[in-house]
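Take a moment with the sequence and the structure before reading on. Then use the sections below as a guided tour.

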Amino acid sequence: MTDGREQPVVLAADDDDDVLELVTFRLERSGYTVLQAHDGEEAWTLARAELPDLAVLDVMMPKLDGFELTRRIRADEATRRIPIILLTARAQDPDVQQGFDAGADDYLRKPFSPQELRARVQAILGRR
Amino acid sequence: MNWVVLVGAALLVANTALVAVIAAQSWYGVRRLRGHDELVARLRRPAVEMVDGDPPAEPPPLARNEARVFAELLARYSRQVRGGPQERIVAYCEAHGLVDQELRRLESRRAWRRARAAFTLGDFGARRAVPALVRHLDDRSAEVRAAACRSLGNLGAVDAVPAVIDARVAARVPGAVAKLALLDIGPAAVAVLITLADDEEPLVRAAVVQLVGLLGGAADAAAIQGRLSDPAAPVRVATATALGRLGAREARDDLVTALADRVPGVRTAAAEALGGIGGRQAVDALLPLARTDEFEPARAAAEAVARADPALVVRAAEAPDAGPHLREAAGRVAL
């Protein structure tokens with residue numbers, strides 16, 4: 001966890017309000033503070049400003065897609081260590097590979113299990 | 001003169017009344033939309049707490065309009081979640097009679113209502129709606145058929161696979177909708193698909209083989225390999241493509257034989273498949289085809305050699321009889 005925070009902060013980015021609500025609810029109930037973004041640009045701005053402990057990113061977002069956002073986060077000195085979980089309906093093998101190539105740490109397929117999301121977030125943050 | 005004034009006044013009154021009706025309708029529409037949005041905002045949290053709470057929270061008592069919006073939210077969440085939360089949504093919809101309500105609407109005289117019900121039943125995850133949805137693959141409305149097909153995919157209805165294939169082949173549902181539904185059903189559909197690979201209708205066989213290629217694994221290749229000698233060319237094309245996608249090395253000999261098929265499309269598909277499967281024997285068989293001037297098969301063969309053995313395609317392109325396709329493929333390798 002970043003110094004000075006009582007709870008780990010997770011950035012959740014998705015242009016679908018339903019997904020954002022479900023992700024936020026599960027993570028807040030699990031003891032995380034959640035920052036919400038509705039598109040890739042907003043997520044990038046929040047990532048740089050808030051330096052979250054982890055990011056859960058949708059792949060198909062307006063303005064900046066999840067793959068490109070992951071690449072940007074990895075390329076920036078300040079944000080490059082933020083672990084990234086991609087949440088995607090595009091879960092064919094090449095898409096998953098593209099996500100890992102861009103620098104994602106994990107991916108979760110939509111429709112998703114909120115419990116599984118929590119477990120993966122905990123696993124990644126626990127490793128740090 | 002009086003007559004003209006009277007007509008003018010009547011037109012003015014009618015015009016004013018029309019504008020007033022349009023304005024009222026518009027105002028009512030905006031108000032209704034706003035009310036709906038407010039309900040969505042208010043009910044979102046109780047809906048999520050019911051779907052994913054620890055323990056799941058009982059929803060508050062709801063008025064009729066609230067219950068409708070609550071059900072709409074559950075249907076939307078159901079598209080996004082799986083596992084326990086989705087099961088809770090199904091249980092809620094069953095317990096509150098929502099599934100029965102949509103099943104009744106599925107028999108409505110109005111097509112838009114039937115289509116909406118078909119769509120919603122899929123979102124509710126209502127497995128017991130499968131027989132009714134299969135029946136509506138024959139609905140007189142194209143929208144209802146498409147919605148039923150999409151929902152059968154959502155429900156993972158393996159038992160509906162033959163009906164979906166049938167609807168696709170008969171063009172009762174768009175090919176893309178049927179394909180997406182079968183992809184949603186996933187690998188569980190493969191066993192049923194394989195039983196349809198011997199269907200008497202060539203278009204069914206072609207569709208089945210293509211889907212086995214998309215959904216199956218290497219172990220399923222043997223079940224469709226025999227279709228490489230199918231009397232119908234579209235089936236042979238689909239089989240070659242599927243075998244390539246499945247990486248079926250055991251089909252290499254048959255694919256080499258298919259390089260001499262009388263139909264160019266089959267030769268092209270076989271060449272593309274062999275490019276992915278690779279191996280010395282494949283390359284030896286592809287080179288002569290790559291040197292010919294049959295545009296599609298020769299280009300596919302040259303590309304296949306380049307994929308299987310990039311160094312070889314560069315060497316082969318230097319021969320005087322290499323032909324344009326091998327040289328083009330070698331040029332791409334060099335880049």
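## Chain A as a whole

This is a predicted model. Chain A has five helices and five strands. Along the sequence they follow the pattern β-α-β-α-β-α-β-α-β-α. The radius of gyration of chain A is 13 Å, close to the 14 Å that the globule rule gives for 128 residues, so chain A is as compact as a globular protein of that length.

The C-alpha atoms of chain A fill a box of roughly 40 × 30 × 25 Å along the principal axes. Of the 128 residues in chain A, 40% are buried. Take the contacts in chain A with a separation of 6 or more: 58% of them join residues 24 or more positions apart.

## One helix of chain A

Helix α3 of chain A spans residues 66–75. Which of its residues are buried? They are G66(A), F67(A), L69(A), T70(A) and I73(A). These residues cover an arc of only 165° around the axis, which puts them on the same side of α3(A).

An α-helix has 3.6 residues a turn, so residues three or four places apart point the same way.

## Where chain A meets chain B

Here, 13 residues of chain A are in contact with 13 residues of chain B. On the chain A side, α1 (17–29) and α5 (114–127) each supply at least two residues. Helix α1(A) gives the most, with seven residues.

What classes of residue does chain A bring to this side? Six are nonpolar, two are polar and five are charged.

## The two domains of chain B

Chain B is divided into domain 1 (41–50 + 64–183) and domain 2 (196–335). Their centres, taken over C-alpha atoms, are 40 Å apart. Six residues of domain 1 of chain B are in contact with nine residues of domain 2 of chain B.

On the domain 1 side, α8 (161–169) and α9 (175–185) of chain B each supply at least two residues. Helix α8(B) gives the most, with four residues. By class, this side of domain 1 of chain B has five nonpolar residues, no polar ones and one charged.

## The largest nonpolar core

In soluble globular proteins, nonpolar side chains tend to be buried together. The largest nonpolar core in this model has 140 residues. Which of them touch the most other members? They are L152(B), V164(B), L286(B) and V305(B). The core draws at least three residues from each of domain 1 and domain 2 of chain B.

Look closely at L286(B). Leaving out residues up to four places away in sequence, L286(B) touches A271(B), L274(B), A301(B), A304(B) and V305(B).

Technical notes: Residues are numbered from 1 along each chain as its sequence is written. Chains are lettered from A and ligands numbered from 1 in the order in which they are written. This is a predicted model: local features need pLDDT of at least 70, side-chain atom pairs count only at pLDDT 80 or more; totals for chains, interfaces and linings use all residues. A residue is buried if 20 or more other C-beta atoms lie within 10 Å of its own, exposed if 12 or fewer, and partly exposed in between; C-beta atoms are placed from the backbone. The arc is that of the directions from the helix axis to the C-beta atoms. Two residues are in contact if their C-beta atoms, placed from the backbone, lie within 7 Å. Ala, Val, Leu, Ile, Met, Phe, Trp, Tyr, Cys and Pro count as nonpolar, Asp, Glu, Lys and Arg as charged, and the others, Gly among them, as polar. A nonpolar core is a set of buried Ala, Val, Leu, Ile, Met, Phe, Trp, Tyr and Cys residues joined through C-beta atoms within 7 Å. Domain bounds come from an automatic or database domain assignment. The radius of gyration is taken over C-alpha atoms; the globule rule is 2.2 Å times the number of residues to the power 0.38.
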